[in-house]
Amino acid sequence: PFSFLELGQQFNLAQALRFGTLPQLNELTEDFEKQQFLMSYAHTYIQEEIKGEQLVRNLDPFRRFLDVAAQCNGKIINFANIARDVGTHENHVKEYFSILEDTLLGFFLEPFVHSFRKRLSHKPKFYFFDPGVVRALVKMLALPLNTGNSAYGEAFEHYVILECIRLANTFKPEYRFSYLQTKDGAEIDLVVERPGQSHLFIEIKSSNNVRPEQLNTLKHLTKDFGSCEAICLSTDPFAKKFESINVLPWQQGIRQFFTLDSAASS
């Protein structure tokens, strides 16, 4: 998929969250055409890539797995639960996820490992490579995403994480990404390990007016951690700061921390 930097003036956040940013979508103008393309893309992937390459012997469980995996996008993965929902063995589910990784359809975001005061989760999350493909797999393309609801927030978080990791792979390949969640459910969306620098803790909010109380978890966990840098990427139009946490418009923040655009940090 294109990044927002590649699309430039053509980039539209609402369209990116609803349909993703696969290059072929740029040639389509109507929502219905985009829906048809993405549904065909998901279908073609199963029929041609998986069946043609003989990556799995039986496509039916894999089709059911794709549906469940898409519903679990951005959530902590429980292999046993997914196996039960799909009706297959847990080892098959792990193999299916490996196929998605090998064919570049998604990636695991591993849990942050550190000698933290609080006990941390040790299960990974899984993210598909494009929001539009996820919405095609869960058959939600025809439904608009309304600002402020949970689906919009999840789509925004997914998209921002993809952009951070995708651009870092190009400009900051030495960075390592994970997420942090304590056993009592407190969570930080992204933890970035930067060689020679302090850890970067990132909270992602789809709000255009982030308030201090929305950052309490980030504030408390980073304070427990010690030396680190904490930011919030949001749809706020202007940068602001609450104590030690910088709240940045998401595009500005991504440019500043994950590209070589020095002007963004000035």
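Is Trp250 buried or exposed? Trp250 is buried, at a relative accessible area of 6%; buried means under 20% relative accessible area, exposed over 50%, and partly exposed in between (1.4 Å probe, protein chains only).

1. Basis. This is a predicted model, in which local features need pLDDT of at least 70 and side-chain atom pairs count only at pLDDT 80 or more, while totals for chains, interfaces and linings use all residues. Residues are numbered from 1 along each chain as its sequence is written, and side-chain values use heavy atoms, with hydrogens and water left out.

2. The Trp250 pair. Phe156 and Trp250 form an edge-to-face aromatic pair, 6.3 Å centre to centre with 85° between the planes. Rings of Phe, Tyr and Trp (its six-membered ring) pair if their centres lie within 6.5 Å; planes under 30 degrees apart count as stacked, over 60 as edge-to-face and the rest as tilted. Phe156 lies in helix H8 (residues 150–171) and Trp250 in helix H10, so the pair ties together parts that are 94 residues apart in sequence. Phe156 is buried at 0% relative accessibility. Helices (H or I, at least four residues) and strands (E, at least two) are DSSP runs, numbered from the N terminus.

3. Other aromatics. The structure holds 24 aromatic pairs. One of them, Phe97 with Phe108, is tilted, at 5.3 Å centre to centre and 50° between the planes. Phe97 is in helix H6 and Phe108 in strand E1 (residues 106–109), so this pair links parts 11 residues apart in sequence. Phe97 is buried at 0%, and Phe108 counts as buried at 18%. Both belong to one aromatic cluster that also contains Phe62, Phe65, Phe79, Tyr96, Phe126 and Phe128.

4. Cores. A nonpolar core is a set of buried Ala, Val, Leu, Ile, Met, Phe, Trp, Tyr and Cys residues joined through side-chain atoms within 4.5 Å. The largest has 38 residues, and Leu38, Phe62 and Phe97 are among those with the most contacts inside it. Elements giving two or more residues to this core include helix H3 (31–52), helix H4 (59–71) and strand E2 (125–128). H4 gives the largest share, 7 residues. A second, separate core of 34 residues includes Cys164, Val192, Ile204 and Ile231.

5. The sheet. Six strands form an open sheet of mixed pairing, in the order E3-E4-E5-E6-E8-E7; two strands pair if DSSP finds at least two bridges between them. E3 and strand E7 (240–242) are the edge strands, each pairing on one side only. E7 and E8 run antiparallel and are joined by 3 bridges, and Lys241 stands opposite Asn246 in E8.

6. Helix H9. The buried residues of H9 (residues 216–225) are Leu218, Leu221, Thr222 and Phe225. They fall within an arc of 95° seen down the helix axis, so they line one face; the arc is that of the directions from the helix axis to the C-beta atoms. Their cover includes strands E3, E4, E5, E6 and E8. Gly226 follows H9 and has a positive phi, near 110°.

7. His199. His199 sits in strand E5 (residues 199–204) and is buried at 19%. Beyond its neighbours within four places in sequence, His199 is in contact (heavy atoms within 4.5 Å) with residues including Phe112, Glu193, Arg194, Phe225 and Glu229.
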